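Me: Got a protein model I'd like to go through. Can you walk me through it in short steps?

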Amino acid sequence: MPSPIQVFVSSSGNQRYLQRAPFHPRVAYPEYRFGARGEDDNPAYEGVRECFVLAGLDAENFGTRDWNPLRDFIRPGEVVVLKPNMIKERHPRDPDGWEYVLTHGSVIRAVADYVWKALRGSGRIIIADAPQTDSSFKEIVRLLGLDDIRDFYATHGLHVDLIDLRREEWTNQDGIIVERRPLSGDPRGGIAFDLGHASEFATHRGAGRYYGADYDEGLVNRHHTGGRHEYLIAGSVMEADVVFNLPKLKTHKKAGITVALKNLVGINADKNWLPHHTEGDPSAGGDEHPRPGLWHRLERQLARQFKQISLRAPLLGPWLHRHARKVGRHLFGDTENVVRSGNWWGNDTVWRMCLDLNKILFYGSPDGRLRPAEPAQRKRHLVLVDGIIAGEGRGPINPDPFPAGIIAFGLHPASVDAACAWLMGFDPDRIPIVRNAFQARGWPLTEWSWRDVQLVSNKPEWNGLVADVREDSTFHFEPHFGWKGRIERLTAATAASAD
């Protein structure tokens with residue numbers, strides 16, 4: 001059995017995905033149970049399988065039809081949630097850019113095959129996420145081939161649910177909400193959790209000034225005030241026996257990177273319970289901007305007023321807001337090029353929210369209470385990262401492609417994030433969501449340091465303690481511009497120059 005401090009990385013050099021759903025493997029592996037095979041190579045399937053081999057899972061049966069690598073984590077009859085990154089169906093600059101924004105369908109298919117192997121035909125798989133509210137779940141499903149995957153399994157008598165966990169979908173024009181449509185959401189509803197003093201926000205000075213996912217700032221602040229720190233989590237996720245987290249490897253404008261820890265934003269039933277940044281500047285406990293001058297304050301005041309108009313005048317308000325935003329882009333700059341709304345290294349809010357979600361997933365019960373803060377009480381939470389084509393720069397929605405050619409697997413999200421940060425060329429100590437995952441308050445996420453994390457890889461120079469992997473053997477991702485110069489690993493030379 002592998003350890004939660006170990007992370008297994010398959011590096012194949014393949015920097016492309018199989019294009020044809022439902023993404024059958026080309027090779028008739030001894031353990032493969034479905035018969036149908038593809039005509040082209042399937043790098044994702046090969047990478048997923050190689051990670052399980054590197055982890056030594058069910059090693060005594062490897063090479064036979066009985067090899068069942070997930071048997072120690074998933075039992076027949078259980079419900080398993082696969083949680084990909086399904087944030088947005090369109091890249092703003094590249095029609096094919098969704099390949100380095102979303103978890104690819106070929107990765108999801110490969111993992112699902114091995115989950116079905118462990119379930120032995122008895123149980124259920126749920127593929128679920130809460131995409132960005134102005135995204136089309138239907139289009140994301142089509143792009144990823146998830147409907148084809150579901151239908152293929154159905155021919156074998158296996159049931160897969162595709163669930164959009166959102167309760168509302170927006171139409172966005174020029175960055176302004178012009179239409180809101182109610183959705184059915186998770187059929188198992190939402191479960192409210194109050195972390196109270198165990199929240200990472202318990203000692204934070206931002207109460208009353210949090211900004212969530214919508215224009216109505218009052219809603220998010222009602223859930224994070226007076227010692228309450230409340231989250232509404234999808235019932236399907238909390239009732240599942242196992243969650244298999246399938247993030248995309250990317251940089252992120254508010255968190256530095258988005259891998260396993262950040263990917264849990266998508267288990268929510270209502271994203272406006274989630275603080276994304278804190279209004280105000282750092283001197284007042286805020287983090288929306290590092291040094292807000294009069295020009296920035298004017299912009300924020302105008303933006304706040306037009307958001308309220310949009311809420312109060314559903315037809316005229318959005319029209320006025322759209323035109324004001326067009327003018328504002330010329331005067332104040334585009335968000336893709338300037339820092340605003342917490343899109344920088346000083347964001348002291350979003351990491352707290354993400355770690356709170358990880359605590360709830362680990363310890364939360366379907367009755368809305370938390371189990372004892374003991375490792376043995378944690379929900380089974382596996383992670384497999386799609387890094388075949390990753391994203392760098394202006395992530396999470398507008399990144400540039402980074403063809404890393406890797407798949408990473410681990411039993412603990414914090415360990416996986418630390419390993420991925422290091423391989424990206426970043427310092428885990430300089431990324432709050434990673435650093436603080438190893439010292440969370442109340443309900444702890446780990447009992448070890450990120451420096452204890454061990455890499456196991458088919459790339460020899462990547463074997464050993466993460467912090468011992470040489471810089472010249474790793475990647476060098478470009479950070480989001482708001483994080484540039486703040487999260488990269490410092491060599492002796494750069495550290496000296498920084499001083």
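Reply: Start with angles. Under 35 degrees counts as roughly parallel, over 145 as roughly antiparallel, 65 to 115 as roughly perpendicular, and the rest as oblique. This is a predicted model, where local features need pLDDT of at least 70, side-chain atom pairs count only at pLDDT 80 or more, and totals for chains, interfaces and linings use all residues. Residues are numbered from 1 along each chain as its sequence is written, and side-chain values use heavy atoms, with hydrogens and water left out.

Me: OK. At what angle do α1 and α2 cross?

Reply: Roughly 45°. Therefore α1 and α2 are oblique to each other. Their axes come within 8 Å. Axes are lines fitted to C-alpha atoms, for helices over the stretch in contact, and angles run from 0 to 180 degrees between N-to-C directions. Helix α1 covers residues 43–54 and α2 covers residues 105–119. Helices (H or I, at least four residues) and strands (E, at least two) are DSSP runs, numbered from the N terminus.

Me: Which residues meet there?

Reply: From α1, they include Ala44, Tyr45 and Phe52. From α2, they include Val107, Ala110 and Tyr114. Contact means heavy atoms within 4.5 Å.

Me: New topic. How many helices and strands are there in the protein?

Reply: There are 13 helices and 18 strands.

Me: And how much of the protein counts as buried?

Reply: 59% of the 499 residues. Buried means under 20% relative accessible area, exposed over 50%, partly exposed in between (1.4 Å probe, protein chains only).

Me: What about helix α11, how many of its residues are buried?

Reply: 11 of its 11 residues, so α11, residues 413–423, is mostly covered. Among them are Trp422 and Cys420. Cys420 has a relative accessible area of 2%. Just after α11, Gly425 takes a positive phi of about 95°.

Me: Is Cys354 buried or exposed?

Reply: Cys354 is buried, at 1% relative accessible area.

Me: How many disulfides does the structure hold?

Reply: It holds 0 disulfides. A disulfide is a pair of cysteine sulfur atoms within 2.5 Å.

Me: Last one. Where is Gln439 found?

Reply: Gln439 sits in the loop between α12 (432–435) and β17 (454–457).

Me: Why does Gln439 count as exposed?

Reply: Because its relative accessibility is 52%. Gln439 and Ser449 are 10 residues apart in sequence, and 8.3 Å apart in space, C-alpha to C-alpha.
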